[in-house]
Amino acid sequence: MIAETVCSAVAAAGLGIAVVTAYRKRYLTATRIAAYALVPLGLVMTGVVQWLADTAFSPVAWAGFGVLGLSWLMFATTRTVERRRGGTRKERKAAREAATPAATAPGASAAALGQAPARGQSPAPRQKPAAQGDDDFSDIEAILKKHGI
């Protein structure tokens with residue numbers, strides 16, 4: 001009963017502030033204040049405040065919050081252990097299969113593999129030697145190639 005009265009008073013005060021703000025021709029701010037002021041009134045009207053009051057004094061509800069906390073802790077722990085191990089069993093198997101070198105990459109071109117071009121095709125143009133400014137990026141390129149990017 002007291003919670004409903006307090007929420008209604010807060011809503012009335014907020015709407016009063018919104019009216020004063022609108023009088024000062026700050027309509028967007030007044031609308032935002034009115035929206036915030038109507039939230040407690042809406043919570044009272046939907047029964048959420050009564051439910052919260054009943055929940056706050058219910059030992060069964062607090063036990064339920066404890067069970068939810070324990071569940072969250074278990075999820076977090078298993079996820080942490082999974083990350084340290086390197087993922088799920090499926091992910092580890094996929095990583096092992098990806099680590100085995102294949103004969104050629106699926107999208108590799110003939111020029112990249114060092115093979116001669118097919119009959120009727122012109123040879124691939126040669127790369128120009130790297131300029132002095134490109135030497136700075138050679139380390140970055142090596143790191144990207146190492147990670148397959």
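Helices here are DSSP runs of H or I with at least four residues, numbered from the N terminus. The model is predicted, so to speak of local features requires pLDDT of at least 70 and side-chain atom pairs count only at pLDDT 80 or more, while totals for chains, interfaces and linings use all residues. Residues are numbered from 1 along each chain, and side-chain values use heavy atoms, leaving out hydrogens and water.Helix α1 (residues 2-23) and helix α2 (residues 27-46) have axes, fitted to C-alpha atoms over the stretch in contact, that come within 8 Å and cross at roughly 170°. The two helices are therefore roughly antiparallel (angles over 145 degrees, on a scale from 0 to 180 between N-to-C directions). Contacts (heavy atoms within 4.5 Å) join α1 residues including L15 and I17 to α2 residues including I33 and L41.

A nonpolar patch on the surface is formed by V39, L43, V48, W51 and L52, with about 450 Å² of accessible area together (Shrake-Rupley, 1.4 Å probe).

Technical notes: Angles under 35 degrees count as roughly parallel, over 145 as roughly antiparallel, 65 to 115 as roughly perpendicular and the rest as oblique. Patches are made of residues with over 30% relative accessible area and no salt bridge: like charges are joined within 9 Å, nonpolar side chains (Val, Leu, Ile, Met, Phe, Trp, Tyr) within 5 Å. A salt bridge is a side-chain nitrogen of Lys or Arg within 4 Å of a carboxyl oxygen of Asp or Glu.
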